[in-house]
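Look at how the chain is divided, and at what joins its parts.

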Amino acid sequence: MVRRIDVTGAGGVRLAAWEYADPPKLREADAAPGGVLLLHGLMGRASHWTGTARWLAERHRAVALDQRGHGRSEKPADGPYTRDAYVDDAEAALVQLDLAPAVLIGHSMGALTAWQLAARRPDLVRGLIICDMRASALGAASQREWEDWFKSWPVPFATLADVRKWFGEDDPWVERPNPARGEFFAEVMAEGPDGWRPVFDRAQMLSSRETWVHDAHWEELIQVRCPALVVRGQDGELGRAESQEMVRVLPRGEYAEVADAGHLVHYDQPEAWRAAVEPFLDGVLAR
């Protein structure tokens, strides 16, 4: 069972959260302290965590959040889409859903939000999983590459099959066919009168990204006091050297690597992802 719970984020922005559990487990979890909050990456949505949330919900309270500008959450034209706004939203979700002290699991941008919140509010966070997000600055060239990439999208797509094919095979950023990537992007498309378009505004995504690509985020990692697991896909965007340096910088850092996975680690290799993170989760949630 999945139930939607609306949350009020920073500035009154309406956010959609999704709790995964059977009704009896929901009742048990409501009486237990803490839970797990899952934060998707840029362009993602809560449903991308469905596989992870389902096995989590077998023993823990699991909630995935559609962040502002994404999924079913509000997409205010004027934002803000700042780091503070995203972190404030996640904090509001933890408090309003009575999830704290929680384990935060974040992918890409969601991982940055997670470790910034863990640094800011250690009382709300008991554990942290960082999935394929760099701590180093990416720079202006990276932002320009994204602008050009967004312009290359052949929207609207005539069918979802076209979405899957373009993002899984034809996209110039794809080095080899990747069906999981095609499925990932199919989940963030909605049908309109002229075809399929993303449920997010690409300009808003660039605005969100602009707020972190020019800065490094090592200082915030140093401030994370809870146990933290850094997970990288073997072929992802986070290199091995940088990920291991992140583990070294984190006061209680651990490391895991998922073979044959790209940036979308939990989507590319769901079983290997579970094997990599479940022992850490069990250890943190048992404390």
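Buried means under 20% relative accessible area, exposed over 50%, and partly exposed in between, with a 1.4 Å probe and protein chains only. This is a predicted model: local features need pLDDT of at least 70, side-chain atom pairs count only at pLDDT 80 or more, and totals for chains, interfaces and linings use all residues. Residues are numbered from 1 along each chain as its sequence is written, and side-chain values use heavy atoms, with hydrogens and water left out.

Start with the division. Domain 1 covers 1-135 + 215-284, and domain 2 covers 137-200. These bounds come from an automatic or database domain assignment. The two C-alpha centres are 23 Å apart.

Now the interface. Contact means heavy atoms within 4.5 Å. By that rule, 17 residues of domain 1 touch 17 residues of domain 2. Together the domains bury about 1,400 Å². Carbon and sulfur atoms carry 64% of that area. Buried area here is the accessible area (1.4 Å probe) that two parts lose on being put together, summed over both. On the domain 1 side, M43, L264 and Y267 supply 42% of the area buried against domain 2, more than any other three residues.

A salt bridge is a side-chain nitrogen of Lys or Arg within 4 Å of a carboxyl oxygen of Asp or Glu. Between domain 1 and domain 2 there is 1 salt bridge. D235 and R176 form a salt bridge through their side chains, with an N to O distance of 3.2 Å.

What about the cysteines? A disulfide is a covalent bond between the sulfur atoms of two cysteines. The rule applied here asks for a pair of cysteine sulfur atoms within 2.5 Å. It finds 0 disulfides. C131 is in none; its nearest cysteine sulfur belongs to C226, 16 Å away. Are C131 and C226 buried or exposed? C131 counts as buried because its relative accessibility is 0%. C226 has 9% relative accessibility, so C226 counts as buried.
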